[in-house]
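Here are a few friendly notes to read alongside the model. Please keep the 3D view open as you go through the points.

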Amino acid sequence: QPEQSRRSLEADAAGLAAERITEEEIETLERMLVEIGDHMENKNMESVVAADVEFHEVLYRASRNERLADIVHNLREQTYRFRSFSMNQPGRLRKTWEEHRQLVEAIASHNATQARKLARIHMEHSEQTLLQGMEESQEFTKA
């Protein structure tokens, strides 16, 4: 199950990041949260998706585990085209931002357990939204 493994990998990356992140990287993540919020206000979806991808890249780098970062990166590449689709689901964008904020808080506090838990929850919510959206679009194309 690719979703299962991606969930575990994302959780591992977040846990390692909480242990190994630098102050500078924490500042970068916090600044990016503000940027993503601004793009959301302006309803600039392309920028939201691009900034979201970059946000996760900083997280993977902070894990200091290149192999893990590469694997997760490749899995994310495969799901990239669905990201804007899932983020267009009503209310998902605001929830994503809030989940990111909580994740940054846990990582900045170097709380690996909480970071892993939040990353896993974030992934589950993203998958649920994606599946829901795909079902709706299939119904739409059938109609």
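In which loop does histidine 110 lie? Histidine 110 is found in the loop between α5 (92-108) and α6 (112-142). Helices here are DSSP runs of H or I with at least four residues, numbered from the N terminus.

Before the other points, a word on the source. This is a predicted model, in which local features need pLDDT of at least 70 and side-chain atom pairs count only at pLDDT 80 or more, while totals for chains, interfaces and linings use all residues. Residues are numbered from 1 along each chain as its sequence is written, and side-chain values use heavy atoms, with hydrogens and water left out.

1. Positive phi values. Histidine 110 has a phi near 60°, a positive value in a residue other than glycine. Lysine 43, in the loop between α2 and α3, also has a positive phi, near 55°. Histidine 110 counts as partly exposed at 38% relative accessibility, whereas lysine 43 is exposed at 72%. (Buried means under 20% relative accessible area, exposed over 50%, and partly exposed in between, with a 1.4 Å probe and protein chains only.)

2. Helix α3. This helix covers residues 45-63, and its 19 residues reach 27 Å from first C-alpha to last, close to the 27 Å expected at 1.5 Å a residue. The expected span is 1.5 Å times one less than the number of residues. Its buried residues include Val48, Phe55, Leu59 and Tyr60. Arginine 64 follows α3 and has a positive phi, near 60°.

3. Salt bridges. The whole structure has nine of them, each a side-chain nitrogen of Lys or Arg within 4 Å of a carboxyl oxygen of Asp or Glu. Side chains of opposite charge can pair when their charged atoms come close.

4. A pair within one helix. Glutamate 10 and arginine 6 form a salt bridge at 3.6 Å, N to O. They are separated by about one helical turn because they are four residues apart in helix α1 (residues 2-20). Both glutamate 10 and arginine 6 are buried.

5. Pairs across the chain. Aspartate 12 and arginine 116 meet in a salt bridge at 2.7 Å, N to O. Aspartate 12 is in helix α1 and arginine 116 in helix α6, so this pair ties together parts that are 104 residues apart in sequence. Glutamate 25 forms a salt bridge with arginine 64, with the closest N and O atoms 2.8 Å apart. That pair links helix α2 to the loop between α3 and α4 (66-87), 39 residues apart.

6. A network. Arg7, Glu124 and Glu127 are linked by salt bridges.

Methods:
Helix = DSSP H or I, 4+ residues; strand = E, 2+ residues; numbered from the N terminus.
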